[in-house]
Structure formats: structure tokens, C-alpha cells
Amino acid sequence: MRASAHGLIATTIATAPRAELRRAASVPEALDLLALPGAVAVAGGTDLCAQYNEGAQPARLVALDAVEELRGITVAADEIRIGALTTHAAGSTSAPLRAALPGFPEAWAMLANPRVRFRATIGGNLMARRTRYEMSLLLTALGAELRFAAPGGGVVAASAHDLWEGRIPQPALLHHIAIPRRRGARFTYQRALRPQLTLALHLHDAGGLAAIGTEWLRPVALPPDDDTLSALPGSFADPVISHWYARRAGATLLRRAREALDAR
Amino acid sequence: MPAETIRFTLDGREVAVTAEPAEPLANLLREACGIQGVRVACSRAVCGACTILVDGEPAASCAMFAYQAEGRAVETVAGLSQPGQALHPLQEAFARHAAFQCGTCTAGFLMLAKALLARHPEPDRATIAEWLSSNICRCTGYGAIIAAVEEAAAMMRAEKMA
Ligand SMILES: Cc1cc2nc3c(=O)[nH]c(=O)nc-3n(C[C@H](O)[C@H](O)[C@H](O)COP(=O)(O)OP(=O)(O)OC[C@H]3O[C@@H](n4cnc5c(N)ncnc54)[C@H](O)[C@@H]3O)c2cc1C
């Protein structure tokens with residue numbers, strides 16, 4: 001079947017040439033393995049299978065499962081750290097995260113569906129670099145840092161914007177995400193117009209940030225004031241929504257977001 | 001890539017299967033383990049026909065590699081009931097409500113519903129709908145499937161109390 005299906009229909013994990021599997025036990029080992037030609041990291045695998053359907057044929061898969069350092073959520077006084085291997089299910093039900101950043105786990109719980117959420121990870125969501133995946137928008141509103149493992153030890157920080165621009169270390173191993181803690185932080189995500197337009201709003205005692213995105217556009221950070229949508233760049237338009245619509249609908253989403261936060 | 005021995009629990013039995021670790025788990029289950037009830041349709045984790053439980057959590061076996069089953073407890077539709085024994089309440093309820101037509105999606109729905117009821121023994125309709133939206137049915141319609149899951153939940157609660 002494998003041979004006869006080849007070329008007739010989209011290649012899948014089942015029909016593609018079999019990759020070599022390498023298991024990483026530590027961060028340095030993962031970095032070494034990812035530096036090999038044709039190597040890709042595997043977290044949950046839920047996006048990787050779609051990449052196969054789109055023609056990817058990695059020569060090597062680097063299994064990250066055993067790299068314990070990439071797991072877990074820690075809440076410190078100044079920041080929240082979320083390990084790259086944290087699944088959507090674990091993150092969206094984390095009580096410490098809920099206490100530290102109300103509204104964020106609830107927003108995280110909106111992503112994907114129950115079956116996918118148990119396997120898919122925050123790291124895979126970001127590193128797949130697909131505009132229709134929503135974590136980079138949520139993290140943009142939170143002003144989060146993406147921290148990549150550095151070859152000599154330690155980490156290198158990048159923003160969600162850097163990730164889209166490809167300004168990340170190579171080989172890329174996302175280690176954790178760091179969200180700065182702000183006094184009075186609250187968060188909401190307005191997703192009712194997805195896939196056309198979604199908006200996240202993060203307010204805290206010293207200000208805040210909004211982020212807006214669509215199925216096809218990279219998220220854009222905006223100031224969270226009443227004039228927010230006038231700051232939307234003119235290039236923010238895609239085959240489905242015009243710039244005019246994005247501004248109008250974005251203003252409505254922002255109003256709803258404010259109401260949601262006021263109601264808490 | 002040389003084959004390896006992959007050990008895991010399959011429907012309650014310890015198994016050691018020789019397979020390529022980077023092959024899809026669905027292939028291993030269907031071909032090496034002979035579990036044809038694991039259906040493969042979309043091959044990209046979208047449709048849910050291949051849903052199995054891994055350590056009790058629902059997963060698309062088409063989007064998992066064989067090595068990811070190592071040391072885990074894998075449950076498939078084949079383990080829901082044994083030949084000659086009573087059907088699982090979910091199977092009974094699906095049959096009673098005619099909650100399938102072509103049957104391609106049925107095994108995936110049964111396993112997803114099993115995971116749902118393990119977490120929410122008394123699910124409301126919205127919770128059932130949210131969970132079942134993970135999987136795609138293109139002929140039966142979701143009404144009968146939701147009704148079957150509601151009935152199975154009631155049967156399982158009654159069995160527990162008996
Ligand atoms: C049916 C379905 C519905 C979905 N719905 C939504 C939705 O509504 N909203 C949403 O936001 N997303 C959605 N998703 C996407 C889902 O969130 C992603 O598939 C998931 O987060 C990817 O995580 P993973 O661990 O499975 O990644 P993998 O498939 O393992 O990896 C994805 C990519 O990231 C790379 N990678 C993974 N981890 C690392 C790391 N630590 N360092 C470097 N590279 C890494 C891999 O090499 C690969 O290129 C959906 C997916 C499916 C299948």
C-alpha cells in the first residue's frame with residue numbers, strides 16, 4: 001500500500017520514507033542531534049503529521065519526550081516559566097498558572113479540541129510557525145519571551161515577533177516561555193470571530209497590551225487604549241478581511257474584551 | 001531505520017512488538033497487532049477516526065510515532081469488550097441509537113467518549129458536544145451520537161451504583 005499510494009495522493013507519515021529516530025535524553029544531546037542534517041524535533045507530533053502531508057520528509061526525528069528539563073510550569077515572583085513540552089491540557093488546567101495570570105489558562109483551553117489538547121504542546125504550537133495557531137498571539141499580548149537552549153548552556157531569548165522573522169538560534173530548541181509577572185494582571189481572549197479575526201487583551205496596573213491576528217496574518221501588538229485600532233498597520237488585511245473590516249471588527253472585539261475584564 | 005522491540009500494554013495485555021520506531025502508531029496497531037478497528041482516514045490528526053487512549057488520554061494514533069507508545073497503556077476499540085462477553089455500555093448505546101451509518105468514525109467516537117466519561121461521569125450536553133467536536137462524522141450526524149453518549153453515561157452510573 002505504501003508504494004502504491006506514493007505520489008497518487010498526499011504523502012503521509014505512513015507513505016513517506018521512514019525517518020531515523022534519535023532519542024534525546026538531555027538538552028545538550030537534543031541540540032547535538034538537531035544539528036544533524038535533516039533533523040527535526042518531535043514533541044506531540046500533532047503538527048508534524050500535517051507537515052508530512054504537505055511534503056516534508058525529515059531524515060531524522062529527534063524525540064524530546066525524555067528531556068525532563070523542557071517540562072513543567074513554575075511561577076516565580078518576577079516571571080512565569082512554561083516548559084516547551086507543556087501540553088495544552090496541562091497548561092490550561094494548571095492551578096498555579098490560573099492564580100498567577102487569571103484568564104490565560106482559560107484562553108489556552110480554547111485552543112484545538114480535547115483529543116488534540118492532551119498531546120499537543122505549547123512548544124510545537126509556536127515552532128510550527130503557522131499563523132492559524134494561536135499561542136503566538138496570546139504570548140504577544142503578554143509580552144512573553146521565548147527562550148531557546150544555547151549550545152554552550154543557558155538560553156537565548158527571542159520575542160514571538162522574532163520567531164516569525166526567523167531570528168532564532170539554530171539549531172532551534174525552544175526551552176521554555178517566560179511571561180513577566182505584572183501587578184493586577186488580567187487577560188482575556190476574544191475568539192468568536194475566528195478564523196477571521198481574534199484579539200487578546202492583557203491589562204495590568206501599569207498598562208497592558210492587545211494583540212490581534214487572523215488565520216493568515218502574523219499577530220500584531222497594539223496599545224490597549226481606546227484608539228488601539230487606529231494603530232493597526234495598513235498592511236493588516238488578508239484575502240478574507242479588509243483593513244477596514246479588521247479595524248471595525250477589532251474595535252468590537254476590544255470592547256467585548258474590556259467588558260469581559262470589567263465583569264470579573 | 002532498523003526495527004526495534006517496542007513494549008507497551010495493549011488493551012490490558014503486555015506486548016512486545018518489533019517495528020520501526022518512526023512508523024505511525026496506527027500502522028503498528030493495524031498491521032503488526034492486527035487491530036483493524038483502528039481506522040486511518042485523514043492521516044493528520046484532524047478527523048479522529050484513529051482515536052485510541054494512551055494512559056487514558058485520547059490521541060490520534062495516525063499522528064503518533066510507534067516509539068511514543070513505549071511503556072504506555074494503549075487502549076483501542078478492540079479492548080472495549082471481549083468476544084462472548086457483554087458489550088461496553090457505549091457500544092450498546094451506540095447500537096440502540098443507530099449512532100453510526102458507514103462506521104468509519106465509530107471506533108474513534110467510542111474511544112473519545114470513553115475518555116470523556118472517565119473524566120465527566122455526568123456530562124452535560126455542552127461538555128459532550130465540546131468533546132465530540134474533536135472527531136468528524138460525515139453521515140450519521142451528531143444528534144444520535146450525543147444521545148448515545150448521554151445514555152451510556154446513565155448506564156455506567158447505574159452499573160456503578162448496583
Ligand atoms: C485537529 C487539530 C485542531 C487544532 N486546532 C488548533 C486551534 O484551534 N488553535 C491552535 O492554536 N492550534 C490548533 N491546532 C494546532 C495544535 O495546537 C498544534 O498541532 C500543536 O500545538 C503542535 O504541538 P505538538 O507538540 O504536537 O508539535 P509537533 O507536531 O511535535 O511539532 C510541531 C513543530 O514544532 C517543532 N518543535 C516542537 N517542539 C519543539 C521545541 N521544543 N523546540 C524546537 N522545535 C520544536 C517540530 O519540529 C515541528 O516542526 C490544532 C491541531 C489539530 C491537529
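Guide: A:His176 is buried, because its relative accessible area is 5%, where buried means under 20%, exposed over 50% and partly exposed in between, with a 1.4 Å probe and protein chains only. This is a predicted model in which local features need pLDDT of at least 70 and side-chain atom pairs count only at pLDDT 80 or more, while totals for chains, interfaces and linings use all residues. Residues are numbered from 1 along each chain as its sequence is written, chains are lettered from A and ligands numbered from 1 in the order in which they are written, and side-chain values use heavy atoms, with hydrogens and water left out.

A:His176 lies in strand S8 (residues 174-180) of chain A; helices (H or I, at least four residues) and strands (E, at least two) are DSSP runs, numbered from the N terminus. Its side chain is joined to that of A:His175 by a polar contact of 2.9 Å. A polar contact is a pair of N or O atoms within 3.5 Å; within protein, one must be able to donate a hydrogen and the other to accept it, and residues adjacent in sequence count only if both atoms are side-chain atoms. Apart from neighbours within four places in sequence, A:His176 is in contact (heavy atoms within 4.5 Å) with A:Arg81, A:Ile82, A:Gly83, A:Ala84, A:Glu145, A:Leu146, A:Arg147 and A:Val155.

Between the chains, 31 residues of chain A are in contact with 33 residues of chain B. Chain A and chain B bury about 2,600 Å² between them, 56% of it on carbon and sulfur atoms; buried area is the accessible area (1.4 Å probe) that two parts lose on being put together, summed over both. In chain A, A:Arg18, A:Arg115 and A:Phe118 lose the most area to chain B, together 30% of what that side buries.

Five salt bridges are counted between chain A and chain B, each a side-chain nitrogen of Lys or Arg within 4 Å of a carboxyl oxygen of Asp or Glu. A:Glu54 forms a salt bridge with B:Arg44, with the closest N and O atoms 3.7 Å apart. On the side of chain A that touches chain B, H3(A) gives the largest share, five residues.

Within chain B, the buried residues of helix H5 are B:Ile145, B:Ile146, B:Ala148, B:Val149, B:Ala152, B:Ala153 and B:Met155. Their cover includes helix H2 (89-96), helix H3 (106-119) and helix H4 (125-132) of chain B.
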